[in-house]
Amino acid sequence: MTGWTAVLTALSTAIIALAVVAFSVAVIALTRRMTDLSRNVERLLDTMDRDARPALEAVRRTADEASRVAILVRDEAEGVVRTSKSVRDRVERTAASLEDRFIELETLVGLLQSEVEETVLDVAAALRTTRRGSGLLKKIKRALAR
């Protein structure tokens, strides 16, 4: 090799070596930075996990309690519906029974009214007969008294 090619080759090799060293230093620095960042992220996740765990537990307990309350409300609502149906059935049976009783009472009142009317007519007839008989007795008494 000639003098200038050897210098150029040495210089190129030195530049390439420096570039490799610079690249290696940059990779090492980047690796350290990534490691630090990874540790920071890990610490952040640990902190979030520690802080979020009680909140998640509280949310889970609240959801469980809400579920229990919903079941209780549903059961109570079903009980109210059953009771309402039972009361409604009893009211309907009572209303039907009362209707039958009112029909019987109406029939009885009609019968009593007929009997009372007949009795009043009989009493009125008896009073007329008694008045006529009394008038006849007065005439007989007058006739005998003379």
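1. The radius of gyration used here is taken over C-alpha atoms, and the globule rule is 2.2 Å times the number of residues to the power 0.38. By that rule a compact globule of 146 residues would come near 15 Å, whereas the protein has 60 Å, and its C-alpha trace spans about 200 × 30 × 20 Å along the principal axes.

2. This is a predicted model, in which local features need pLDDT of at least 70 and side-chain atom pairs count only at pLDDT 80 or more, while totals for chains, interfaces and linings use all residues. Residues are numbered from 1 along each chain as its sequence is written, and side-chain values use heavy atoms, leaving out hydrogens and water.

3. The protein has 1 helix and 0 strands, where helices (H or I, at least four residues) and strands (E, at least two) are DSSP runs numbered from the N terminus. Of its 146 residues, 1% count as buried, that is, under 20% relative accessible area, with exposed meaning over 50% and partly exposed in between (1.4 Å probe, protein chains only).

4. A search of the whole structure finds 6 salt bridges, each a side-chain nitrogen of Lys or Arg within 4 Å of a carboxyl oxygen of Asp or Glu. One of them joins R53 and D49 (2.6 Å, N to O), which both lie in helix α1, 4 residues apart, about one turn of the helix. R53 is partly exposed at 47%, and D49 is also partly exposed, at 37%.

5. E78 and R74 meet in a salt bridge as well (3.9 Å, N to O), and both lie in helix α1, 4 residues apart. Salt bridges that share partners join R74, D75 and E78 into one network.
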